[in-house]
Each structure stands twice: as C-alpha cells, then as structure tokens.
Amino acid sequence: MEKSDNRRHIPLPRLWLCLAIVLLAAATTVQSQTQSSPQPAQPPAVAASVNEVDIVLPQLDAAVTQMFTGSSLKWLIDRELIRQEATRNDVSLTDEQLNEYMARSESQQTLQQQAGRRGLDANSYRSRMAFEALLEVLAEQFRQRLILMEARAYYEAHKSNFTSGPAVHVLELVTDDIRMAYLATERIKSGEQFITVAQELSVENQESGGDLGWMAPEDYHLTEQINSLEISEVSPPIAEGNRYYVLCVKDRVADKPLEFEDVREDLTGLIATMPRMDFSDDDYLELLARRADIRINHQPLQFLNDYYRELQIIHVIVDEQRVALTTPVVRLASGGLMVPLKPICQALHATVTWDEASQSLTAETRIGQVTVTAESANVEVGKTEPTAADMTEAAQLRDGVLYAPPRDTLEPLGASVEWDAVRNRLVITSPRCPDETGDVTGLELEH
C-alpha cells in the first residue's frame with residue numbers, strides 16, 4: 001500500500017514571484033541602511049591655487065556676494081547711462097576707434113594680458129573697453145559743448161567790452177590794366193553797383209564783389225587812402241606795384257562792437273584752460289547719474305541709494321576748502337542757486353551782522369559790503385554810500401536761515417564765484433588771503 005505525500009506543491013510561477021519579493025525587500029533594506037549611514041564629507045571644489053594654497057569655491061562665492069555684486073550692478077547702471085546718452089546724441093563707436101583706444105590704453109600688452117589684468121576673457125574685455133571708449137567720446141563732446149556754452153554766456157555778460165576800436169567797411173576792385181581801372185570808376189560813378197562791376201572786372205575777390213568786410217584801418221595796406229574817403233565815396237585808380245585799386249568805404253565807425261564769432265576762438269581757448277573744464281570721465285559719468293532717476297530695489301544692494309543721493313548734494317568750496325553747511329544749497333526750478341549766506345560769508349572771513357527788526361544781514365570785508373534783506377530782490381552794495389542793485393532772485397528766509405543768489409551777494413565783497421556743473425559744486429575764492437605778517441595780499445579776480 002503506497003504512502004500518501006502530504007507536502008504542498010507550489011506552482012513554479014508563484015515560486016519565482018515569491019523569490020522576487022524577498023530579493024526586493026532585501027535590496028530595500030540594504031539601500032535604507034546605506035542611505036542612513038553617514039557619508040564622508042567631500043572637500044570643496046578648488047577654484048584656483050596660489051603657491052599650493054587653494055582658493056575654494058565657497059570663498060569665491062562669498063567674495064562675489066560681499067564685494068563684487070554691488071560694483072557689478074553699478075557697472076551695469078553706468079553702462080546703461082552711457083547707452084542712453086549715446087542714443088540721445090546719436091553717437092556710435094567704430095571698430096577703428098575702439099582698436100585705437102585699446103592700443104592707446106595699454107599698448108605694450110597683448111590682448112590676453114590686458115584682459116587677464118581685469119579678470120576677463122578676450123571678448124568680455126573688448127566689450128568692457130568699448131564701453132570705456134564710448135564714455136571717453138561722450139565726455140569730450142560734452143566738454144566742448146560746455147566750453148562753447150560758457151564762452152557764449154561770458155560774451156553776453158560782457159558784450160560791451162568786446163570792441164575792435166575804429167573800423168572801416170572796405171570795397172576793393174583790383175586790376176592789372178589802368179584803363180580797366182578808369183573804366184570801372186566811370187561805371188560805378190555813373191550809377192552801377194560797385195559789387196557788380198567788381199565781379200566783372202576785378203582780378204581778386206570776384207565772388208564777393210570786392211567786399212573785404214570790416215577791418216581796422218591800419219590793417220589795410222592803403223590805410224591813408226581809405227582814411228581820406230567819405231562814406232560811399234569812390235576813389236580814383238590808385239597805383240601800387242603793378243596793380244591798380246579802386247576803393248570805396250561802405251561804412252565807418254569809431255568803435256565797432258565785435259560779434260561772438262569774432263571772439264569765439266579766443267574765448268573758448270581761455271575757458272578751456274579753467275580748472276573746472278579739466279574733469280575726468282568718471283566725473284562726467286556722475287553727472288549723468290545725477291540727472292537720471294536711479295533706484296536700487298535689490299535689498300542687499302540698497303546701500304547704493306545713499307551714493308546716488310549724495311550725488312545730488314551741491315557742495316560749496318571756499319578757497320579750496322569744503323564748507324560744512326547745516327542747511328543745504330537750494331537749486332531753483334529756473335536752474336539758479338540760492339545759498340545760506342551767513343556761513344559762506346564767514347568762510348570768506350567777512351564780518352556778519354544780523355538785524356532782527358529789518359530781517360537783514362550785512363556782510364563786510366576789506367573789499368566791500370553788502371546788506372541783504374529777506375523777501376527783497378535788491379542788495380545794498382557799498383560801505384559809505386551804499387547803492388541798490390538788483391538780484392536775480394529775492395532773498396528768502398528758510399527755517400530762520402537767510403538765502404540769496406551767490407553771485408549777486410558775494411562778488412560785491414570781492415570774491416569770485418564759479419559754478420562747476422560737472423562736479424556739482426560752487427567754487428568761491430576770497431579776494432585776499434593772509435600772509436605771514438597778518439596783512440593781506442590781493443588776488444587777481446577771475447571773470
């Protein structure tokens with residue numbers, strides 16, 4: 001009799017499934033144990049090494065965050081200011097100009113050396129230099145416009161001083177033939193226009209019809225002859241060398257005023273030498289920032305807002321020393337300035353008195369005296385017999401401080417006053433300075 005087998009038979013597919021579950025559970029347990037076990041710390045990546053001392057990436061990240069992010073943002077702001085200004089003035093930079101600027105900047109260095117000095121690759125360096133070159137072009141163009149503007153302003157303020165002395169307006173017909181000279185004289189005297197005849201017969205200055213314009217009599221080679229002519233009188237032929245001259249004095253004045261174009265070259269040359277015209281590209285860039293609306297929104301870099309606010313402050317410089325003002329200089333909507341009078345007069349070593357009853361301030365130096373009254377557009381000038389002079393703006397009391405236009409009130413004291421628009425400062429020079437004996441020596445005043 002056969003014994004029965006009570007062992008349970010598991011179908012083969014189910015056996016493989018069970019084995020898979022067991023293996024998966026084991027793998028999960030191993031993975032869990034592996035993940036929960038501490039891993040050895042990996043050393044930070046090395047960004048560079050100096051004499052085998054490593055500079056690691058965390059150091060680089062900290063330096064970028066703490067030291068260079070602000071300067072990078074400022075550089076982006078500066079670049080945008082220059083881009084906008086170049087667009088406004090229709091200025092662009094050619095490759096030739098850029099190459100010339102780069103060669104001039106560091107001519108002894110290769111491109112890689114120049115770029116490496118600034119920590120840049122060649123393309124980034126060229127982009128940076130393009131910005132600097134464009135800044136240089138814009139700054140120089142602005143300098144020339146400023147010089148011309150100030151030259152015009154000076155001319156208008158002192159127009160009566162620009163005269164040439166006696167002047168004569170000369171018409172001249174020149175010919176090599178005495179017969180042509182007499183023919184020209186007869187035609188003009190018979191009623192033909194001098195200019196018409198000269199355009200036809202003269203061998204010189206035909207395009208202008210012999211009109212030589214205004215000149216000093218002594219500057220013309222036939223001075224005696226033109227001095228003897230009356231206005232509109234035509235001379236007979238005058239022989240000089242191998243040529244013959246027919247002259248006419250179109251007009252004559254005892255003292256001819258000069259036009260701006262007559263003195264433009266001299267004035268611009270003089271103003272270009274003034275210290276305030278010798279400003280750097282960075283000074284010009286700050287001028288652009290001062291005129292712009294710049295706000296730093298990124299909280300870690302908002303300290304830059306203090307810098308841009310500081311640019312708006314107008315500084316007063318007296319004898320090369322900055323005056324510490326408790327109340328600021330005020331710029332009016334018209335563009336004019338109003339200054340707190342007392343501290344500036346005191347910086348000029350003036351004696352200052354305040355009359356509460358009349359609300360007036362009197363400042364006195366060895367050169368002159370002024371009295372300024374609140375809400376009055378007049379200033380009294382002079383010590384013994386003061387006279388009233390108009391100011392560009394009426395004096396104002398602001399929080400108990402008397403404000404007045406600087407030129408109208410300080411120049412009568414003997415001071416020179418200059419506005420440095422680029423550096424946003426009022427530059428004042430006292431008329432005298434003490435010497436070793438306590439006396440004073442005069443300073444030549446600038447106009």
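I started with helix H9, where Phe-260, Val-263, Leu-267, Thr-268 and Ile-271 are buried. I note here that the model is predicted. I then looked up what lies over these buried residues of H9, and the cover includes H5. H9 itself spans residues 260-272 and has a kink of about 30 degrees, centred on Asp-266.

Next I went to H5, which runs over residues 122-157 and holds Arg-128. Is Arg-128 buried, exposed or partly exposed? I found a relative accessible area of 28% for Arg-128. Arg-128 is therefore partly exposed, as 28% falls between the 20% and 50% limits. I also listed its contacts, leaving out residues up to four places away in sequence: Arg-128 touches Trp-75, Arg-118 and Leu-120.

In what order do the strands of the open sheet run? I read the order of its four strands as E4-E3-E6-E5, and the pairing is antiparallel. At the edges I found E4 (211-215) and E5 (238-240), each pairing on one side only. From one strand to the next, the twist averages 35 degrees.

I looked at one pairing in detail. E5 and E6, the latter covering residues 243-253, are joined in the antiparallel sense over three bridges. Across this pairing, Ala-239 stands opposite Tyr-244 in E6.

Which helix lies across E3 and E6? I found H6 there, made of residues 178-189, with E3 covering 167-175. The direction of H6 is at about 35 degrees to E6. Helix H7 (residues 194-201) also packs on the sheet, and I saw that H7 touches E3 and E6. For H7 I noted an angle of about 35 degrees with the direction of E3.

Last, I checked the cysteines. How many disulfides are there? The count is zero, with a disulfide taken as a pair of cysteine sulfur atoms within 2.5 Å. I looked up the accessibility of two cysteines. Cys-248 has a relative accessible area of 8%, and Cys-345 has 1%. Both count as buried because buried means under 20%.

Key:
Residues numbered from 1 in each chain as written. Predicted model: local features only at pLDDT ≥ 70, side-chain atom pairs only at ≥ 80, totals over all residues. Heavy atoms only, no water. Buried < 20%, exposed > 50% of the residue type's maximum accessible area, 1.4 Å probe, protein only. Pairing = 2+ DSSP bridges. Helix = DSSP H or I, 4+ residues; strand = E, 2+ residues; numbered from the N terminus. Axes fitted to C-alpha atoms, helices over the stretch in contact; angles between N-to-C directions. Contact = heavy atoms within 4.5 Å. Bend = angle between axes of the 7 residues up to and from the residue.
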